[in-house]
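This briefing covers one protein chain, shown below. It begins with a single residue and then moves to the chain as a whole, its cores, its strands and its loops.

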Amino acid sequence: MTKPVVLVAEELSEAGLAVLGADFEVRHTDGADRSQLLPALADVDALIIRSATQVDAEAIAAAPKLRVVARAGVGLDNVDVEAATKAGVMVVNAPTSNITSAAEHTIALILASARNVAQAHAALKGGEWKRSKYTGVELDQKVVGILGLGKIGQLVAQRLQPFGVEIIAYDPYLQPARAAAMGVRLVSLDELLQQSDFITVHLPKSKETIGLIGDRELHMVKPTVRIINVARGGIIDENALYAALKEGRVAGAGIDVFAKEPCTDSPLFEFDQVVVTPHLGASTHEAQEKAGTQVARSVKLALAGEFVPDAVNVQGGAVAEDVKPGLPLTEKLGRIFTALAGEVATRLDIEVRGEIASQDVRVLELAALKGVFTDVVEDAVTYVNAPLLAKDRGVAVELLTSTESPDWRNVITVHGVLADGRTVSVSGTLSGPRQIMKIVEVNGYAMEIEPTEHLAFFTYTDRPGIVGIVGRLLGEHNVNIASMQVSRDVKGGKALIALTVDTAIPAEVVEQIAQEIGADSGRTVDLED
């Protein structure tokens, strides 16, 4: 069997390569050299990069088999995510690989700025002993303002607690109670600027945050404030900061990132009270190793068609622990739906009911779509291209949630309307401590049956003798029944017989059973991988 090809276009940690192991054919190229990169992409399934490789529309077009681009780091400025999504290519990064390193570097710059470490170091190495010139300030009893209380901002807050500081934060997307639980008081941006002795930036770079700290804001701060940026260049207006430092409206700064990088010449460099580093926030051995192993794991998941929590062009984001067990169940429900329908629906509703509906369950919609199209198209179906396949086929999709579930703790339903107006539905749940998968409804008929590899469903008019006929015909063709259930709407009305069998039922046998029992429909489902 041919192994999937993974092209490593920049340096990847040994630990990352070890995660890929022997399951893949790993090739290497110089991603910064377009003349090497483009031809190397011709037959690759996955591409692993860092920051030097430009993955634009041209590169994506040069890789017709490409299924995933993995950035061993956080930033994706060098990846055309829109072009990748249109091509059905998953884009992943390693969003948590550097958070500890970035938080620790922030603390380092706060302390260096407070105690004039870099300046005193340079002076002493230059032969000058100037104790009084480099008198600093303590953190104890000071107010530290954190702009952005995401993962890194939270780690910074945790690390600052032992210094005896008061921590305030500006983050419009965080609930005050959540901040209070971390010992942080949420305030407005203006309040943070006015009250802080130290300000540290931990916001993503976006249209809303570029230039967030500009001339107006720097006229509001204390003249003793020290400003730290280990997030992204451009969030602080460097010209405005220069003016504030020049006019004595800001006491100092610690800058790790710049609007244009690499930056080896900046007006900010003229100030003795400005500590600068060349974007070292993620530059630790540990962060590089974590980045390599995280993206390697994501590549393995992506090429296996599994959900990848770190994919940036997949709706849903990180999956709650309570939701994860529902992914394989929902995918199977989608495959069963397609087998029962025998065609692509014009409309699909994915209904999630019960306790898990209080979580973010958008990923279950993706799992359902992946299942619906797995046996419809020849190409591999992933969490990225499944929504695109639905859109291309004009399928309207909606996710419906409710915490009310009268019969089951949690239940997931894939319900669809076909072109002729007929409806098809299949519901499932996870039962007991071992979270056993069960199909609990098909087209309105109640049942409890495990979704094993081989299933069959026959709808017919309820009458005696049907079970015997089905058992006899399957036995004659050496198909062993593992379980069988009969469900009916009313006595003598319509009934559904559901079977799990040890081997696939040949199509001619299905037809023979349907004819002998006068079935309205007979469908088999093979869930083998």
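N116 counts as buried at 11% relative accessibility, where buried means under 20% relative accessible area, exposed over 50% and partly exposed in between, with a 1.4 Å probe and protein chains only. The residue is found in the loop between α5 and α6 (117-125).

The model is predicted: local features need pLDDT of at least 70 and side-chain atom pairs count only at pLDDT 80 or more, while totals for chains, interfaces and linings use all residues. Residues are numbered from 1 along each chain as its sequence is written, and side-chain values use heavy atoms, with hydrogens and water left out.

**Whole chain**

- The protein chain has 17 helices and 22 strands; helices (H or I, at least four residues) and strands (E, at least two) are DSSP runs numbered from the N terminus.
- The C-alpha trace spans about 100 × 55 × 35 Å along its principal axes.
- Of the 529 residues, 49% count as buried.
- Contact means heavy atoms within 4.5 Å. Among contacts between residues at least 6 apart in sequence, 63% join residues at least 24 apart.
- The accessible surface comes to about 24,800 Å², and 50% of this belongs to carbon and sulfur atoms. Areas come from the Shrake-Rupley method with a 1.4 Å probe; for residues, only the protein chains shown count as cover.
- The mean positions of the 49 positive and 70 negative charges are 4 Å apart. Lys and Arg count as positive and Asp and Glu as negative, with His and the chain ends not counted; each charge is placed at NZ of Lys, CZ of Arg, CG of Asp or CD of Glu.

**Nonpolar cores**

- In soluble globular proteins, nonpolar side chains tend to be buried together.
- A nonpolar core is a set of buried Ala, Val, Leu, Ile, Met, Phe, Trp, Tyr and Cys residues joined through side-chain atoms within 4.5 Å. The largest one here holds 72 residues, of which V6, M90, V299, I336, F337, L348 and F457 touch the most other members.
- Not counting residues up to four places away in sequence, F457 touches residues including I336, L340, V442, M447 and L496.
- A second, separate core has 31 residues, among them L212, V225, A244 and I255.

**The parallel sheet**

- Seven strands form an open sheet in the order β8-β7-β6-β9-β10-β11-β12, with parallel pairing; two strands pair if DSSP finds at least two bridges between them.
- β8 (185-186) and β12 (274-276) are the edge strands, each with a single partner, so one side of each is left without a neighbour in the sheet.
- β6 (residues 143-147) is joined to β9 (residues 198-201) by 4 bridges, and G145 stands opposite I199.
- Another 4 bridges join β9 to β10, where N229 is the bridge partner of V201.
- β10 is joined by 4 bridges to β11 (residues 252-255), with I227 opposite A253.
- From β10 (residues 226-229), R226 and I228 point one way and I227 and N229 the other, and all are buried.

**Antiparallel hairpins**

- β15 (residues 410-417) and β16 (residues 423-431) pair in the antiparallel sense over 6 bridges. I412 stands opposite G428.
- The hairpin of β15 and β16 has 5 residues between the strands, and G421 in the turn has a positive phi of about 95°.
- β16 also pairs in the antiparallel sense with β17 (residues 436-442) over 6 bridges, and G428 stands opposite I439 in β17.
- In the hairpin of β16 and β17, with 4 residues between the strands, G432 takes a positive phi near 75°.
- P433 lies in the loop between β16 and β17 and is exposed at 86% relative accessibility.
- P433 and Q288 are 145 residues apart in sequence and 39 Å apart in space, C-alpha to C-alpha.

**Loop residues**

- N98 lies in the loop between β5 (90-92) and α5 (99-115) and is buried, with a relative accessible area of 14%.
- Leaving aside neighbours within four places in sequence, N98 is in contact with V74, G281, A282 and A287.
- N478 is found in the loop between α16 (466-476) and β20 (481-488). N478 has a positive phi of about 60° although it is not a glycine, and it is exposed at 70% relative accessible area.
- The peptide bond from E261 to P262 is cis, with omega near 0°; P262 is in the loop between β11 and β12.
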